[in-house]
Amino acid sequence: MIGIVNNSDEDGFTFISQERLPAGMFACYHEADRKILCRVKNAEPLKQYPQEFLMDMELSPDDVCAFYGFDPQDFKYYSYSASVVGYFDDAMGEFINPRTNPASGVKIHRAGEDVLKDISKVKPGDSGSAFIGNVLGEKTGIALSVRDIVSQHVSVIASTGAGKSYTVGVLVEELLRPYNMAPVLIFDPHGEYSSLGDISNTAEFVTTSYRPKVRTVKPKDIKIRINDLLVGDFISIMDDGTMSDKMKMLFRTAYHGLKNDKKKQFTRNELKLRIESLRDSNNESTIDGINWRFGKLNAAIFDDFQTIPLADYFKVGQLTIMDVSGIEEGFQQLIASVMLRRLFDAREGTENNRYYEMHIDKFLPYPVFVIIEEAHRFAPQSGEAKSKSILKTILSEGRKFGIGVCLVSQRPSKLDADSLSQCMTQITMRIINPTDQQQIAQSIESASRELISELPSLAKGQAIISGVAINTPALVKIRKRLTSDTKGRSKDAPALWAAQRKYEDKHRAPEVKADEDMDVGV
Amino acid sequence: MVIGDIIRVEDASTYVAKIPPDAKKERIGSFIKIQKDDGLIVGVIKNITNSIREDLIPYISSELQPKYAPFNEDFRNSYYFIHGLGTIRNGIVEYNIDSPPDVRDNVEILNPEELKFFHTIDGKQSIAYFHSNSEALPQNVLIAMIDQVDEKCPECKAMSKLVRKYIRRDL
């Protein structure tokens with residue numbers, strides 16, 4: 001037993017305890033042969049030392065209390081506010097709130113493994129589970145329901161250095177386990193996920209019949225096929241703010257003319273010829289202007305034939321890391337946009353029987369999972385991004401077609417609020433910025449809001465997990481990664497400087513000193 | 001030295017003592033003792049009063065005077081209101097009183113050794129009765145008591161300094 005209920009009101013109940021219990025901790029009480037799970041919210045001392053008794057640093061307040069006639073033990077009790085989560089109903093598969101608070105005098109116990117195990121919807125290690133860590137301060141493992149995170153998306157939000165990429169790494173590891181074998185793609189703007197390549201060679205992921213594959217696509221190998229661009233994409237690439245309406249109209253005419261031809265694929269040259277075909281005496285300079293801007297499509301990232309090979313990128317039991325580091329942000333958005341557009345088309349077409357096995361690179365008969373790092377760049381709250389529209393479409397409709405998205409960001413306030421609120425499972429780590437906290441509070445379920453105040457004080461690797469993939473929000477210590485995480489770690493700058501200095505000293509050519517005899521001056 | 005004798009016991013820790021005629025009055029807050037067969041009752045002078053309205057006595061008929069003026073023979077006397085704090089029995093200090101004094105028991109000033117002994121529990125300086133008596137005793141009495149403890153038990157000066165601050169703020 002850790003405490004006794006004192007009183008209750010509409011916000012929950014309070015109990016008295018002599019133990020120091022962390023906010024967010026789970027406790028329970030017995031009611032009609034059921035164990036009712038509850039969550040500790042705030043703590044405050046039941047009785048405070050008179051402030052005068054604390055004014056001599058040489059004296060122990062307990063000694064002064066005893067001298068005066070207070071029982072020092074009276075100051076060791078805490079009043080905890082707590083809220084009822086409920087009892088787990090096996091038939092319903094969820095916690096049912098009894099809609100009553102415990103009566104005064106009811107004993108409060110530490111929630112044991114037998115109660116805490118019900119926080120997870122799935123058993124860690126089972127098919128469809130993602131063992132993400134342990135209930136903070138407990139041994140009970142927490143597993144997310146992969147089915148729910150793939151169908152209803154997930155967000156990983158944390159300040160820099162709080163363990164965001166590490167957590168994504170853990171999630172990816174779980175998705176690639178033999179009991180999941182998910183097709184996962186990471187859109188990696190910083191090239192920081194290459195360490196996940198170890199998955200293929202780590203014993204925990206390999207069975208006699210399964211070895212996950214990790215494919216890293218380097219920036220130079222990422223190509224956008226001209227034919228995959230929409231007219232709006234073309235214009236956004238070419239328009240530096242000086243493209244006239246007449247130019248845009250003529251370009252659209254050429255583009256749609258080509259698209260409406262029976263030939264579905266076209267090249268830059270064909271498009272250029274189509275633009276030229278519109279030339280007459282009234283639009284000479286306009287066509288010249290379009291042609292001049294068309295030169296931007298000669299960037300190395302564009303190709304007439306090569307594209308993002310969906311079927312190669314999304315294979316069961318394969319992690320594809322699209323390393324777009326070093327690519328200009330506008331092009332990163334374009335790559336994301338084209339990739340997501342093609343993915344949505346493939347999944348929607350396959351589900352609706354428009355595409356069959358014969359449709360190479362369009363037939364995708366299984367759900368997939370896409371992780372978007374730095375999501376605020378691809379779906380910003382203010383301003384436009386080429387990828388924002390398709391990302392929002394997938395987040396709102398992807399459930400029907402089996403496209404799961406994981407939005408990863410360190411600035412939730414800069415991430416489109418609609419997109420964030422579509423992520424029905426949230427992994428939220430340390431966030432200090434109040435605006436970001438507010439944004440999170442608006443996008444998560446009410447039960448988790450009690451834990452929002454904990455966000456600034458979370459340690460590295462601790463997270464609040466809430467949403468549909470778990471039965472009740474919980475503070476979780478993210479488990480240790482099975483693969484190394486050297487890339488995502490903060491650099492130990494002083495150590496690196498010292499090493500560099502040592503290297504330079506070792507390899508420095510001996511200085512040529514002037515011969516003193518020669519130094520006769522002028 | 002006897003400073004008075006108990007003339008009324010209201011409850012286990014509230015007594016009135018009559019001060020002998022022409023006797024020097026002790027100060028409010030002074031620690032006193034009442035000697036009993038099995039030990040001492042330790043108390044404090046809570047107040048001094050002339051509460052008997054001697055000036056009205058001439059107006060009361062002679063047959064009613066015994067009823068309304070039981071102390072009418074000593075008009076000039078004053079009275080100590082005493083608050084009992086604890087006992088010392090067989091060398092053991094207790095900060096509660098289970099047996100009050102009797103009428104006519106003598107009241108004496110607690111000597112320095114007894115005062116020090118009364119404020120020592122398990123070898124440690126203590127004024128632990130303060131908390132339980134803080135509502136019954138006014139602030140000036142408590143301050144006077146702590147001043148005496150300070151004087152006789154200098155080793156607890158640091159703690160009594162904090163207690164004095166607390167009493168001044170809170171009580």
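**Close-up views of a predicted two-chain model**

**View 1. Overall make-up of chain B.** Of the 171 residues of chain B, 29% count as buried (20 or more other C-beta atoms within 10 Å of the residue's own, with C-beta atoms placed from the backbone; exposed means 12 or fewer, and partly exposed lies in between). The model is predicted: local features require pLDDT of at least 70 and side-chain atom pairs count only at pLDDT 80 or more, whereas totals for chains, interfaces and linings use all residues. Residues are numbered from 1 along each chain as its sequence is written, and chains are lettered from A and ligands numbered from 1 in the order in which they are written. Chain B contains 5 helices and 9 strands (DSSP runs numbered from the N terminus: H or I of at least four residues for helices, E of at least two for strands). Their order along the sequence is β-β-β-β-α-β-β-β-α-β-β-α-α-α. Among contacts in chain B with a separation of 6 or more, 67% join residues 24 or more positions apart; a contact requires C-beta atoms, placed from the backbone, within 7 Å.

**View 2. The side of chain B that touches chain A.** In this view, 17 residues of chain B are in contact with 12 residues of chain A. Helices α3 (129-133) and α5 (157-170) of chain B each supply at least two residues of this side. The largest share, 8 residues, comes from α5(B).

**View 3. Helix α12 of chain A and its surroundings.** The 14 residues of α12(A) (388-401) should span 20 Å at 1.5 Å a residue, and the end C-alpha atoms are 19 Å apart, which agrees; the expected span is 1.5 Å times one less than the number of residues. At A:Leu395, α12(A) bends by about 50 degrees (the angle between axes fitted to the seven residues ending there and the seven starting there). Buried residues of α12(A) include A:Ile390, A:Leu391, A:Ile394 and A:Leu395. Their cover includes α10 (329-351), α11 (375-378), β17 (403-409) and α13 (417-421) of chain A. Just after the helix, A:Gly402 has a positive phi of about 75 degrees.

**View 4. Packing of α6 against α8 in chain A.** Helices α6 (245-260) and α8 (284-294) of chain A pack at about 75 degrees, with their axes 9 Å apart. Helix α6(A) is therefore roughly perpendicular to α8(A) (65 to 115 degrees; under 35 is roughly parallel, over 145 roughly antiparallel, and the rest oblique). Axes are lines fitted to C-alpha atoms over the stretch in contact, and angles run from 0 to 180 degrees between N-to-C directions. A:Lys246, A:Met247, A:Leu250 and A:Phe251 of α6(A) make the contact with A:Thr286, A:Ile287, A:Gly289 and A:Ile290 of α8(A).

Notes:
Two residues are in contact if their C-beta atoms, placed from the backbone, lie within 7 Å.
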